Structures are given as structure tokens and as C-alpha cells.
Amino acid sequence: MTTVTVLHPGAMGAAVAAELVLGGHEVLWVPKGRSEDTVRRAMEAGATPCDSLADALSRSAFVLSVCPPQAAEDVAAAVAAHGFAGVYADVNAISPQRVQRIAEEIRPGSAVVDGAVFGQPPGEGRATRLYLAGADPAVELVASLFTDSALHACRGGDTPGSASALKMAFASYQKAARTLAGVAHALADAHGVGDQLTAEAEVMISAILSDPEYLPSVAARAWRWAPEMAEVADTLRAADLPPEMAEATAQVLAFWEQDKGRYDLPVADVLAQLRSGRIMWTSPDNKQGPGR
């Protein structure tokens, strides 16, 4: 049995924790300051609560950071402050540059593995891919935690940051395409031709535009998708590629930030919010950009 601290058991983190518990490992977490939903998820996953982060780290060989993108460096700094000397795996949707900063924060004493999750939370018949990048010994150790689990470990490269670059490349299309569909439906709805747009989209190869019923789920997750698209923009900029599309996507998603967790909103309300006026969005480095 290996002891792993998971920070923190959100929807994805709790599912990852549950896979570790099913694999015979001990999973620790720190409930201080966490919500009732997080406490419930951690209990359902079989994670063991600890009174403090220091207590959890002193008992753990591994730390898995699974949190919203904007919190990734704060979580790493908190772990580093305790002199953790095990394997630290950052499994967040962040830019390669931030992974490098986290690696510098955690070292010396720890091995840092860059991770990226693809797919929905594992379990209930769903298989999810976990791409891992970094030095061979540490990557193999993290991968071994998920042997025969619903979280399938894949090699993402030899350098911390390459797994996150893969995530950023995928997210730059996945998130932007869904957001663009929302803009298209909002425009058509404003002119009373929403049904015709849907009918036209049904003859397209892609099914995204033909199903506006999924848009409330996009709005419900916009609070964490917007920071992720800011990370995509940072990644594109570092590669001398145009970041404007990702930045614009973050601006559009900010119109939906107040809908966090509200999966039951009517589609018409979600579309109307894109026409609601001027907003401001804030990137992870606290730079603000205008809405409209």
C-alpha cells in the first residue's frame, strides 16, 4: 500500500482518489477550509481526512494536485513550504510555463511529474487517460499507482510541461469550439432563426453545433474554463502563435461565470447572457481584459 495525498477532491480529484483507493492505496486529504460538497465527495471516495497539510505530507510518498487552474501554484507553494520530499504530480489544466515554475518551487527534494487528464472523471464504466511527463523513475512510479484502474496512464514526454502542452493544444480546440457554438446560437436566437441554425448544423459532420441543449453545462463550467483558456493563450504566445482566439474565448466564458454549477439553466437564459453587456475577465497573472 502506498500513501498519497490528493489536493483537492473536487469532481475529478475525488474520482482519481477513488481509483487509488480501489487499487489498495491509502489516500489522504485535508478538509480544513473545504466545502460540504468536497467533504461528501472525499468520504464517498474513501479518502482519509487529516488535521493539517503538514500531517498529510509527513505520511505521504506522493502528492497529486488536482485543482482549478488558477489555484495550481498556490497549492504547490503550500506543499513546498513544508519541505515535501516525495513525488509531486501536478495534474491540472495549466500552461507548460506554469508547470516549470511549479517544478522550480517544489525542488529541491522532490521529483515533479507533469500530468494531464483527458476525458470525464474515471469510474462507473468510464476509462480516462492520464498523460504523464518528466523523468522516467518518477513517471513510472506515478503510473504504477493506477495499474489496472479506470485511469489509464500514458507517456506524455520526457520534460515536465509536455503533458500540459498536449492538454493546452486539445483544450484550445475543445473549449473554443463549444464556446463558438454558444455565440452562433446566441446570434441566431437574437434574430429568431435558432431553429434554422440547428437544422443547418444537423447536416454538418460535427455534432457540436446541432445540440444547443448542452450549452447550460458549458455555462456551469465557465468559471474554470475561462482560466484554462487564459492558460491556452499563454501557451500559444510562448510558441509565437496568435493568442487572440483563446483570449477571446476566455472573455466570452466570463459572461457565464455567475452560473457556476447551474446545469439546469434554460438554454434561452444561457444564450441571453452572451448579449448581457460589458464584463471584465481576469487572467491567472491578474491582467484584466475587456468584455464588450
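Author: Welcome! Let's begin with a term: a residue is buried when its relative accessible area is under 20%, exposed when over 50%, and partly exposed in between, using a 1.4 Å probe and protein chains only. This is a predicted model, in which local features need pLDDT of at least 70 and side-chain atom pairs count only at pLDDT 80 or more, while totals for chains, interfaces and linings use all residues. Residues are numbered from 1 along each chain as its sequence is written, and side-chain values use heavy atoms, with hydrogens and water left out.

Reader: Which residues of helix H8 are buried?

Author: Helices (H or I, at least four residues) and strands (E, at least two) are DSSP runs, numbered from the N terminus. In H8, residues 194–201, the buried ones are Gly-194, Thr-198 and Ala-201. Looking down the axis of H8, the buried residues fall within an arc of 65°, so they line one face of the helix; the arc is that of the directions from the helix axis to the C-beta atoms. Asp-195 and Glu-200, on the other side of H8, are exposed.

Reader: Against which helix do the buried residues of H8 pack?

Author: They pack against helix H7 (162–190), where contact means heavy atoms within 4.5 Å.

Reader: In what order do the strands of the sheet stand?

Author: Two strands pair if DSSP finds at least two bridges between them. Here eight strands form an open sheet with mixed pairing, in the order E3-E2-E1-E4-E5-E6-E7-E8. Strand E3 (48–49) and strand E8 (151–157) stand at the edges with a single partner strand each, so one side of each is left without a neighbour in the sheet. E3 runs parallel to strand E2 (residues 26–29), and two bridges join them. Leu-28 has Thr-48 in E3 as its bridge partner.

Reader: Is Met-43 buried or exposed?

Author: Met-43, found in helix H2, counts as exposed because its relative accessibility is 62%. Met-43 and Ala-14 are 29 residues apart in sequence, and 9.0 Å apart in space, C-alpha to C-alpha.

Reader: How do the residues that line the largest pocket divide?

Author: Ala, Val, Leu, Ile, Met, Phe, Trp, Tyr, Cys and Pro count as nonpolar, Asp, Glu, Lys and Arg as charged, and the others, Gly among them, as polar. A pocket, on a 1 Å grid over the protein atoms alone, is an open set of points where a 1.4 Å probe fits, with protein on both sides within 12 Å along at least five of seven lines; lining residues have an atom within 4 Å of a point. The lining of the largest pocket divides into 20 nonpolar, 13 polar and 12 charged residues. Helix H9 gives the largest share, seven residues.
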